[in-house]
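Here are some exercises to work through with the structure open beside you. Try each task before you read its solution.

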Amino acid sequence: LRSVQSRLRSLMGTTVSGLSDRTYSDEFASAVSTGLFGTGSLSIQVGSGSPVNVNVTGSDTLTTLASKINSAGAPVNATVVQTGSTYRLQVVGTSSA
């Protein structure tokens with residue numbers, strides 16, 4: 001299994017600055033395949049607000065990860081976007097924390 005950090009490296013260590021700021025994951029062939037990530041934690045921080053950690057497991061898909069992010073209480077909205085024949089996780093700030 002690939003690690004959470006290597007598969008979501010474009011999200012790792014990223015701070016969403018505030019309202020409408022967005023970041024994307026790497027590209028994936030499917031939004032619903034399992035085994036895309038290893039087990040770990042994704043930390044999301046908006047501006048100078050407190051980081052919110054999201055637990056990630058090997059059985060997560062891009063779709064379940066987006067749902068976990070949206071349920072975690074961080075002032076962001078996560079969605080899966082299709083970019084041609086691939087998929088990305090998009091995280092957009094919903095406040096200027």
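**Exercise 1. Find how confident the predictor is along the protein chain.**

Step 1: Start with pLDDT, the predictor's confidence in each residue, from 0 to 100. Its mean over the protein chain is 78, and 77% of the residues reach 70 or more.

Step 2: Helix α1 (residues 4-7) has the lowest confidence, with a mean of 48, while helix α2 (residues 62-71) has the highest, at 94. Helices here are DSSP runs of H or I with at least four residues, and strands are E runs of at least two, numbered from the N terminus.

Step 3: Take care where pLDDT is low, because predicted coordinates should not be read in detail there.

This is a predicted model, in which local features need pLDDT of at least 70 and side-chain atom pairs count only at 80 or more, while totals for chains, interfaces and linings use all residues. Residues are numbered from 1 along each chain as its sequence is written, and side-chain values use heavy atoms, leaving out hydrogens and water.

**Exercise 2. Locate the salt bridges and describe their partners.**

Step 1: Look for a side-chain nitrogen of Lys or Arg within 4 Å of a carboxyl oxygen of Asp or Glu.

Step 2: R88 pairs with E27, their closest N and O atoms being 3.4 Å apart. R88 lies in strand β6 (residues 86-93) and E27 in the loop between β2 (22-24) and β3 (40-46), so this pair ties together parts 61 residues apart in sequence.

Step 3: D60 meets K68 at 2.9 Å, N to O. D60 is buried, at 5% relative accessibility, whereas K68 is partly exposed, at 29%. (Buried means under 20% relative accessible area, exposed over 50%, partly exposed in between, with a 1.4 Å probe and protein chains only.)
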